[in-house]
Amino acid sequence: MASPILQVKDLQTQFRTHDGIVRAVDGVTFDLYHGESLGIVGESGSGKSMTALSLLRLVPDPGKVVGGRVLFRNQDLLQVTDEEIREIRGRDIAMIFQDPQSSLNPVLQTGFQIAEAMLAHKMASKTQARQRTIELLKRVRIPAAESRVKDFPHQLSGGMRQRAMIAMGLANAPSVLIADEPTTALDVTVQAQILELLGDLNQELGTAIIMITHNMGVVAGLCTRVLVMYAGKIVEQGPVDEIFDRPQHPYTWSLLKSIPRVDALRHERLRSIEGIAPDLLRPPAGCRFHPRCPFRIEKCFTDEPELKEIKPNQFASCWVTMDRARAEMGADQLLDIRPGAASGLEPGKLVD
Amino acid sequence: MAATAAAVVTRPIAPEQASLWSDAWRRLRRNRLALAGVVYLTFLVVVALVALIHTPYPTYEVGVGIPYQGPGGQHWLGVDALGRDTLSRLMAGAQISLIVGVGTQIVVLAIGVPIGLAAGYFRGWFDQVVTFIINLFYGIPDLLVALILVFLLGPNLTNIIIAIAVTRWMDMARLVRGQTLSLREREFIEAARASGAKPSKILFGHILPNALGPIIIQATFGVPAAILFEAFLSFLGLGVPPPTPTWGSMAAEGIVTIRIAPAMVIAPSIALSLTLMAFNFLGDGLRDALDPRQRR
């Protein structure tokens with residue numbers, strides 16, 4: 001945890017649409033350390049995938065990174081030439097995608113595609129690449145790797161395809177691997193295997209992993225540190241244990257509350273977060289979570305909270321924070337989590 | 001029990017490599033019309049090759065038979081106005097038709113595919129310019145363009161191929177552009193970009209192989225269109241200049257004397273029709289074979 005390998009500062013990604021500007025990523029700042037496994041969680045549309053794509057300048061049209069800096073090995077990835085960023089993609093920072101079914105080219109042999117990732121960066125000769133492809137497939141635990149290299153993607157199972165994608169991502173031994181919901185399209189047992197594999201690779205190869213997911217369980221299993229994103233902003237960040245034990249932002253708290261529990265009572269309803277994710281064309285004034293927050297106070301409607309250190313290494317952007325909600329309202333016993341349900345806090349009582 | 005389990009793991013699970021092409025070939029073989037087309041076209045290619053080294057009579061030699069003589073034992077398809085053997089000339093004409101048909105499509109592919117790929121992938125001003133030029137070419141009558149080009153460049157085989165290709169490249173460019181537009185949004189293209197692939201690699205290594213099916217089909221339908229166009233130019237007297245035998249010019253020579261020597265018109269016309277039909281059947285068969293989802 002010495003020096004960060006990747007520093008993201010005030011990243012801004014916008015989509016210009018006919019109706020106005022959508023701020024998909026709005027001032028995201030974080031560091032990624034050597035060999036670390038960082039989780040980015042949030043609902044659909046919270047900007048987590050866009051953050052990842054912005055790092056490699058892969059934001060699709062009409063989106064554009066309009067501000068901020070992405071520092072990697074003393075250069076700003078947002079300023080380097082197209083040729084330089086192309087060299088960094090896949091060689092230093094690799095990415096694996098959500099749906100292994102559609103992320104592999106259907107008409108090319110799987111092994112060929114992995115070898116190509118190496119050849120694209122002239123990391124190996126053709127024979128070396130072929131050799132290493134088999135090693136990589138073994139490394140990601142694909143059985144009968146020697147014969148599997150010639151298989152087309154449709155001949156592999158979903159789990160095997162994702163393993164092949166991971167092998168492709170690891171082909172050039174990158175220092176950072178961005179995994180964009182790599183387990184979403186897989187069934188639960190395969191999910192567990194893939195996560196275990198990623199964890200092992202993280203440990204053995206020291207590849208830093210950015211894990212993007214909406215699944216808190218995935219984060220708990222793999223990550224050491226978590227960023228929670230909401231409406232294009234980081235609302236909470238900290239070590240995974242702290243975030244799970246004592247979340248400080250009501251949004252994080254709600255996310256954790258909505259994890260289905262194995263020990264739930266038979267007829268207990270699944271918890272969800274009331275309301276819908278905000279329209280990023282017209283984000284709510286004040287705190288962006290306030291329309292859905294059970295603990296909102298007057299100030300939340302008008303003033304936007306900054307991300308501040310609540311406890312050592314744990315940051316949250318909230319006027320109330322869960323410590324206070326627990327102390328004053330018994331938040332953890334709260335059953336009714338509709339917006340404003342627990343807002344017994346008088347505006348005047350707020351000590352600031 | 002343990003031994004069997006180990007055997008299952010080490011043995012390749014998919015025994016047969018059912019590639020796209022072997023799959024397509026299997027489906028094509030089941031299509032009788034397409035198969036008939038393949039057989040006929042193979043026959044035609046063999047005839048054209050044989051004509052290189054041997055024809056019943058020398059192709060250009062006049063007076064090998066009595067002019068206007070009908071089909072018979074000595075001359076199976078009769079003799080033309082100058083006393084040349086029609087069968088020999090028909091065989092040599094197959095060369096011209098095949099060269100024009102295939103040659104035109106090679107030029108069309110060489111122009112249309114890169115332009116379509118680039119326009120569909122990079123979009124922006126380049127795409128707008130390409131689309132504009134395509135529409136422009138669609139607006140001008142193709143016969144006029146071909147006639148002017150042949151007139152300017154001079155009537156010989158190469159120039160006729162170029163002239164026909166110039167009037168035919170737009171279909172290919174538009175098809176490839178459309179395919180590229182839809183393929184570029186697919187996730188594996190994003191994945192390829194994320195792994196640092198060069199634009200040229202993405203275009204020719206990832207997008208083109210996925211668009212190959214429609215391209216092959218389009219090219220197969222393009223061949224008979226080009227053959228017909230050449231026959232038409234030759235019929236008008238603007239094709240490959242005489243005495244080189246082409247089906248179009250043979251029909252043109254015969255049309256004046258159709259009442260006394262109908263074989264002179266009928267023979268090249270049937271050869272032309274069969275060839276066009278064969279290519280179209282093959283094209284249909286390929287479409288069904290390469291895109292099984294489109295089949296009812």
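**Exercise 1. Determine what share of the contacts in chain B with a separation of 6 or more comes from residues 24 or more positions apart.**

Solution. Take two residues as in contact if their C-beta atoms, placed from the backbone, lie within 7 Å. The model is a predicted one, in which local features need pLDDT of at least 70 and side-chain atom pairs count only at pLDDT 80 or more, whereas totals for chains, interfaces and linings use all residues. Residues are numbered from 1 along each chain as its sequence is written, and chains are lettered from A, with ligands numbered from 1, in the order in which they are written.

**Exercise 2. Describe the secondary structure of chain B and decide whether the chain is spread out or a compact globule.**

Solution. Begin with the elements, where helices (H or I, at least four residues) and strands (E, at least two) are DSSP runs, numbered from the N terminus. Chain B has eleven helices and zero strands. Next, compare its radius of gyration, taken over C-alpha atoms, with the globule rule of 2.2 Å times the number of residues to the power 0.38. The radius is 24 Å, well over the 19 Å that the rule gives for 296 residues, so chain B is more spread out than a compact globule. Along the principal axes, the C-alpha atoms of chain B fill a box of roughly 85 × 60 × 35 Å.

**Exercise 3. Locate Phe221(B) and classify it as buried, partly exposed or exposed.**

Solution. Phe221(B) lies in helix H9 of chain B. A residue is buried if 20 or more other C-beta atoms, placed from the backbone, lie within 10 Å of its own, exposed if 12 or fewer do, and partly exposed in between. Phe221(B) has 18 C-beta neighbours inside 10 Å and therefore counts as partly exposed. Not counting residues up to four places away in sequence, Phe221(B) touches Asn280(B) and Gly283(B).

**Exercise 4. Characterise the largest nonpolar core and find the element that gives the largest share of it.**

Solution. A nonpolar core is a set of buried Ala, Val, Leu, Ile, Met, Phe, Trp, Tyr and Cys residues joined through C-beta atoms within 7 Å. The largest such core has 164 residues, and those with the most contacts inside it are Ala167(A), Ile210(A) and Met211(A). The largest share of this core, 14 residues, is given by helix H9 (residues 199-235) of chain B. Leaving aside neighbours within four places in sequence, the contacts of Met211(A) include Ala179(A), Val218(A) and Leu222(A).
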